[in-house]
Amino acid sequence: MSDCNDPVSDDDARHSGGKQSVREPFTKAYFKAAAAILATKPNPAEAQLSGELLLRHYGLTGAMKVLSSEVECTTEVTLLNGDQLILKTSARPEGRDSFRFQVAALAGLEGAFGFAAPRIVRTGDAMLMFEEDEICGYLQTRLSGGPLHRADATSDVLYRVGRALGRLSLALEPLRLPAMHRPVLWHVGCWSRLMDLEEHLPSGPVAASVRLAMNNYVELIEPRLREVTWQVTHNDPSPFNTLLTDGGIAFIDFGDGCWGPRIQDLAIAASHLVTDPSLPLGGAENLIAGYASVIELPPLEAELLVGLIKARQSALILINYWRAQLFPAEAAYIKKNVGRAEHGLSILSALSTGKAERAVRRALS
C-alpha cells in the first residue's frame, strides 16, 4: 500500500490554484459516477469482518456496534478499558479513494487550533489506513460531546460554531490531498444537474421552491463561482457532524470532503440553521457573523451566499427524496434533514435578491 502522506498525483493537483472553473471536471460522466455511489448501500457483510480487521491491523479487540452510514460501513468500537474508537471499512472500489482523502485530511488537521477533529489511529505498520485485496479501512478516535442538532443553539453557540468553521477552513486551505477531485454528488459542481431528480419530489410548494432556487443557481450563481477562492473543504458541516465538546467545537465525518469553493462550507452549515421566520436569514445570522470574524467575506461571496444556501437546501431535498425511494427501509434516516431544509427554503424564498444580500451585510456588520 502507498502511504497516504505521499504527494498527490498530477490529476489531483491540476486544480490546486486559488480559482477554478466550475464546469471542469464536473461533466455529465462525473455526475453519473457520483450518483452511482449514493445509489448503492454498504454491504452488511462488511460489518461481520470488523472485529477480525481490528485485531489484524491494530492488535485491538472490543465490543462492536454498527452505525448508520450513507456509503461506508461505520462501526463504533468500545475497548476493554472503555475507550471508544470508530472503524470505517469499505469493499467498494470508490471507497479506497474516499478513505485516502479522509485519512489525509484528518492527518493534515493534527495540531490545528480553534476546533477539534478526530485523530487517526495508525495501523501496526504505522500507516494511516489499511488495504487488503477486497477491503480497506481506517481507525479514528471517537470524540465525546453532543451533536449540534440536539443542543440549545443559542446565538452565542452559533457564533462559536461559525468561528470554529472559519478556523477549519483556514486549516484545510493549504492542504492538497489525494482523491480530492473524486466524484461526490454533494459537490456544488453537481447541483446544476440535480433537477434530473425532480420527479421524486412531492408536488406542491416544495417542488416549486426547489425549481426556483435551482434555476437561480444555474443562471446567477454557478457562472460566478469561478471567481471565488477554491480549496479543500469539509463539504458537510451539518448539525449532525458538528459536536459541542468540553474542549470546544468539533467536526466529524469528512467523507464528502473535496476541492470546492471555500464559501461552500459556510453555505452548507448555514443552510441547516434557517429555522426562525421572524429573522431575515432565519437564525443563521450568528453563524455567518462568527465565520466572518475569522475569514472576511469578500463582496462577491456576500452577494452569492443566500443563493448558495437555497441551492444547497434544494440539493439536500432532491438527493434525499431520490435516495429514500431507492431505499424505503432507510427512508427515515435518509430524510432526517429534509424537513429542516424545506422549512429553511420556505423562509429564504420570501427574500428578494437585494434583501438577501442586505441581510448578509447586516449580519457581517
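**Close-up 1. Helix 10 packing against helix 12.** In this predicted model, helix 10 (residues 299-326) and helix 12 (residues 338-348) pack at an angle of about 145°, and their axes sit 9 Å apart. Axes here are lines fitted to C-alpha atoms, over the stretch in contact for helices, with angles running from 0 to 180 degrees between N-to-C directions. Helices (H or I, at least four residues) and strands (E, at least two) are DSSP runs, numbered from the N terminus. The two helices cross in a left-handed way (the near helix is turned anticlockwise from the far one by less than a right angle). On the helix 10 side, the contact (heavy atoms within 4.5 Å) includes Val306, Ile309 and Lys310, while helix 12 brings in residues including Val338, Ala341 and Glu342.

**Close-up 2. Alanine 126 and its positive phi.** Look in the loop between strand 4 (120-121) and strand 5 (130-131) for alanine 126. Its phi is near 65°, a positive value in a residue other than glycine. Most residues other than glycine have a negative phi. Alanine 126 counts as partly exposed because its relative accessibility is 44% (buried is under 20% relative accessible area, exposed over 50%, partly exposed in between, with a 1.4 Å probe and protein chains only).

**Close-up 3. Aspartate 253, another loop residue with positive phi****.** Aspartate 253 turns up in the loop between strand 10 (248-251) and strand 11 (258-261), with phi near 60°. At a relative accessible area of 30%, aspartate 253 is partly exposed.

**Notes.** Residues are numbered from 1 along each chain as its sequence is written, and side-chain values use heavy atoms, leaving out hydrogens and water. Local features need pLDDT of at least 70 and side-chain atom pairs count only at pLDDT 80 or more, whereas totals for chains, interfaces and linings use all residues.
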